[in-house]
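Here are my notes on this one, point by point. Have the structure open while you read, and start at the ligand.

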Amino acid sequence: MEKKTIVLGVIGADCHAVGNKILDHAFTNAGFNVINIGVLSSQEDFINAAIETKAELICVSSLYGQGEIDCRGLREKCDEAGLKGIKLFVGGNIVVGKQNWPDVEQRFKAMGFDRVYPPGTAPEVTIEDMKEVLGVK
Ligand code: B12
């Protein structure tokens with residue numbers, strides 16, 4: 001398959017590193033060109049990496065509970081940077097504690113995320129969705 005480039009990283013002041021390595025491995029094995037910017041990544045880091053590598057999708061992890069604050073405005077910043085239409089996925093433990101999932105998903109979709117994943121989502125689920133939104137056969 002033609003390799004699609006995706007940017008992967010953990011947003012904000014979040015240092016949880018293990019899941020990021022697992023996702024990198026899983027997405028790479030699935031045939032994606034993974035640009036992994038790692039932990040402690042700002043919105044600007046994601047955007048700069050996507051511009052430099054002509055990525056078609058940004059996959060954001062947030063584990064420490066501050067995902068809503070860290071992710072707010074990312075879609076608008078992408079638009080301003082010329083990344084209109086880039087796919088945005090987010091997952092991990094994106095809010096503090098256990099909250100009503102449909103509400104959480106709706107809030108992140110309203111922020112411009114294309115796919116929003118609850119805690120415990122297996123990488124395989126995301127891989128299928130990536131293939132679908134990027135038109136990979
Ligand atoms: C290890 C750990 C730490 C270590 C991290 C070491 C390191 N550098 O990695 C240390 C001790 C530093 C730490 C610190 C903190 N932690 Co901590 N930590 C954990 C712990 C025990 C395990 C995390 C882990 O490695 N899991 C294993 C990996 C494989 O799983 P994962 O990270 O969840 O990733 C998987 C999935 O989430 C998913 N996924 C991740 N991203 C994405 C993205 C997409 C798109 C998709 C689909 C899926 C996906 O796929 C990954 C691979 O399977 C969890 C509890 C837990 N059992 O998960 C708490 C936990 C994540 N930590 C938590 C908290 C609160 C903190 C602190 C804020 C605590 C504090 N008050 O200081 C700090 C934050 C520090 C910081 N700045 O980031 C909370 C977050 C709660 C929330 N979101 O509401 C948790 C859930 C513990 C809890 N139950 O309260 N932590």
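A polar contact, as I use it here, is a pair of N or O atoms within 3.5 Å; within protein, one must be able to donate a hydrogen and the other to accept it, and residues adjacent in sequence count only if both atoms are side-chain atoms. Keep in mind that this is a predicted model, where local features need pLDDT of at least 70 and side-chain atom pairs count only at pLDDT 80 or more, while totals for chains, interfaces and linings use all residues. Residues are numbered from 1 along each chain as its sequence is written, and side-chain values use heavy atoms, with hydrogens and water left out.

1. A backbone N or O atom of glycine 97 sits 2.7 Å from an oxygen atom of the ligand. Alanine 13 also uses a backbone N or O atom, 2.7 Å from a ligand nitrogen. With serine 61 it is the side chain: one of its N or O atoms is 2.6 Å from a nitrogen atom of the ligand.

2. The shell as a whole. Which elements give two or more residues to the shell around the ligand? They are α1, β3 (57–62) and β4 (87–92), where helices (H or I, at least four residues) and strands (E, at least two) are DSSP runs numbered from the N terminus. The largest share, four residues, is from α1. There are 24 residues around the ligand, and Ala13, Cys15, His16, Ser61 and Gly97 come nearest; a residue is near if one of its heavy atoms lies within 4 Å. By type, the shell splits into 14 nonpolar, nine polar and one charged.

3. Which residue is the only protein donor of the ligand's cobalt atom? That would be His16, through NE2 at 2.2 Å. Donors are N, O and S atoms within 2.8 Å of the metal (3.2 Å for Na, K and Ca), and water is not among the atoms, so sites may look incomplete. Histidine 16 is found in the loop between β1 (5–11) and α1 (18–29).

4. In one of them, glutamate 56 pairs with lysine 4, with the closest N and O atoms 3.5 Å apart. This joins distant parts of the chain, 52 residues apart: glutamate 56 is in the loop between α2 (43–53) and β3, and lysine 4 is in the segment before β1. Buried means under 20% relative accessible area, exposed over 50%, and partly exposed in between (1.4 Å probe, protein chains only). So lysine 4, at 11%, is buried, whereas glutamate 56 is partly exposed at 33%.

5. A bridge within a helix. Lysine 109 and glutamate 105 form a salt bridge, their closest N and O atoms being 3.8 Å apart. The two are four residues apart in helix α5 (residues 101–110), so about one helical turn separates them. Lysine 109 is partly exposed at 40%, and glutamate 105 is partly exposed at 26%.

6. Aspartate 129 and its neighbours. Aspartate 129 meets arginine 115 in a salt bridge (3.3 Å, N to O). Aspartate 129 belongs to helix α6 (residues 123–134) and arginine 115 to strand β5 (residues 115–116), so the bridge ties together parts that are 14 residues apart in sequence. Is aspartate 129 buried or exposed? At 15% relative accessibility, aspartate 129 counts as buried; arginine 115 is partly exposed at 21%. A salt-bridge network links Arg115, Asp129 and Glu132. The side chain of aspartate 129 also makes a polar contact with that of tyrosine 117, at 2.6 Å. Leaving out residues up to four places away in sequence, aspartate 129 touches Phe89, Arg115 and Tyr117, contact meaning heavy atoms within 4.5 Å.

7. Leucine 40 is not a glycine, yet has a positive phi of about 55°. Leucine 40 is in strand β2 (residues 33–41) and is exposed at 51%. Lysine 54, another non-glycine, has a positive phi of about 55°. Lysine 54 lies in the loop between α2 and β3 and is exposed at 70%.

Key: Ala, Val, Leu, Ile, Met, Phe, Trp, Tyr, Cys and Pro count as nonpolar, Asp, Glu, Lys and Arg as charged, and the others, Gly among them, as polar. A salt bridge is a side-chain nitrogen of Lys or Arg within 4 Å of a carboxyl oxygen of Asp or Glu.
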